[in-house]
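Subject: Structure handover and findings

Dear colleague,

I am passing on to you the structure we spoke about, together with its sequence. Please have a look at it first, and then read on for what was found in it.

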Amino acid sequence: MKERIENLYNEDNNIAYKTLLELEAITAESNELYSYFEDLLELLNSEKTFVRVRGFRLICSLAKWDNENKINKNIDIILREFDDDKGTSVRQCLEKINLILMHKIELTEVVEIKIKNLDLSKYKGSMQSLIKQDIDCILK
């Protein structure tokens with residue numbers, strides 16, 4: 001498992017993305033990845049946007065297994081990913097945040113406040129409207 005997590009840093013996006021999908025499939029079925037939570041949290045410190053997004057997606061996928069409230073304890077670090085300058089990254093994160101909202105109801109308010117207050121002005125017009133649509137879907 002450690003090797004797979006290391007693959008998330010791989011310069012070859014195809015390898016890293018394939019690994020991400022494999023790990024997301026594992027988290028859908030078991031809590032096998034939960035003991036590596038800190039390693040996934042470390043992904044959020046990467047200088048590379050795609051690495052951070054992979055970490056974010058996997059952390060969201062672990063929400064249903066989070067019986068130790070690790071997500072709750074680190075929610076501010078996790079939600080920082082919404083401040084990314086790349087709109088496509090923010091959209092990927094918005095797509096997965098529902099997993100936290102579904103399994104960690106107590107975090108609803110903090111997540112909603114964060115996404116309601118996103119500064120969309122830093123994105124191109126077309127991206128702004130797409131992100132706004134994503135946010136509106138989540139807040140329904």
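Predicted model: local features only at pLDDT ≥ 70, side-chain atom pairs only at ≥ 80, totals over all residues.

I would begin with the largest nonpolar core, which has 41 residues, and in which Leu 40, Ile 71, Ile 78, Phe 82 and Ile 97 touch the most other members. Helices H2 (13-29), H3 (37-43), H4 (49-61), H6 (75-79), H7 (87-103), H8 (108-116) and H9 (125-139) each supply at least two residues of this core. As background, nonpolar side chains in soluble globular proteins tend to be buried together.

With 15 residues, H9 reaches 21 Å from its first C-alpha to its last, which is close to the 21 Å expected at 1.5 Å a residue. Its buried residues are Met 127, Ile 131, Asp 134, Ile 135 and Ile 138, and because these cover an arc of only 95° around the axis, they lie on the same side of H9. In general, an α-helix has 3.6 residues a turn, so residues three or four places apart point the same way. The buried residues of H9 are covered by parts that include H7 and H8, while the face turned away from the buried side carries the exposed residues Gly 125, Ser 126 and Cys 137.

Turning to charged pairs, a search of the whole structure finds 15 salt bridges. Among them is the one between Lys 48 and Glu 11, whose closest N and O atoms are 2.5 Å apart. This pair links distant parts of the chain, with Lys 48 in the loop between H3 and H4 and Glu 11 in the loop between helix H1 (2-7) and H2, 37 residues apart. Lys 48 is partly exposed, with a relative accessible area of 40%, whereas Glu 11 counts as exposed at 63%.

Another salt bridge joins Asp 84 to Arg 52, with the closest N and O atoms 2.3 Å apart. Asp 84 lies in the loop between H6 and H7 and Arg 52 in helix H4, so this pair ties together parts that are 32 residues apart in sequence. Asp 84 counts as buried at 7% relative accessibility, and Arg 52 is buried too, at 14%.

A further salt bridge, between Lys 70 and Glu 68, has an N to O distance of 3.9 Å; here Lys 70 is buried, with a relative accessible area of 14%, and Glu 68 is partly exposed at 45%. Salt bridges that share partners also join Glu 24, Arg 57 and Lys 96 into one network.

Finally, there are two loop residues to look at. Asn 69, in the loop between H4 and helix H5 (70-73), has a phi near 55°, a positive value in a residue other than glycine. For context, most residues other than glycine have a negative phi. Asn 69 counts as partly exposed at 33% relative accessibility. Ser 121 is found in the loop between H8 and H9 and is exposed, with a relative accessible area of 56%; the side chain of Ser 121 makes a polar contact with the side chain of Asp 119 at 2.5 Å.

With best wishes

Terms used
Residues numbered from 1 in each chain as written. Heavy atoms only, no water. Core = buried A, V, L, I, M, F, W, Y, C linked by side-chain atoms within 4.5 Å. Buried < 20%, exposed > 50% of the residue type's maximum accessible area, 1.4 Å probe, protein only. Helix = DSSP H or I, 4+ residues; strand = E, 2+ residues; numbered from the N terminus. Polar contact = N/O pair within 3.5 Å; in protein donor to acceptor, adjacent residues only side chain to side chain. Salt bridge = Lys/Arg side-chain N within 4 Å of Asp/Glu carboxyl O. Expected span 1.5 Å × (residues − 1). Arc of directions from axis to C-beta. Contact = heavy atoms within 4.5 Å.
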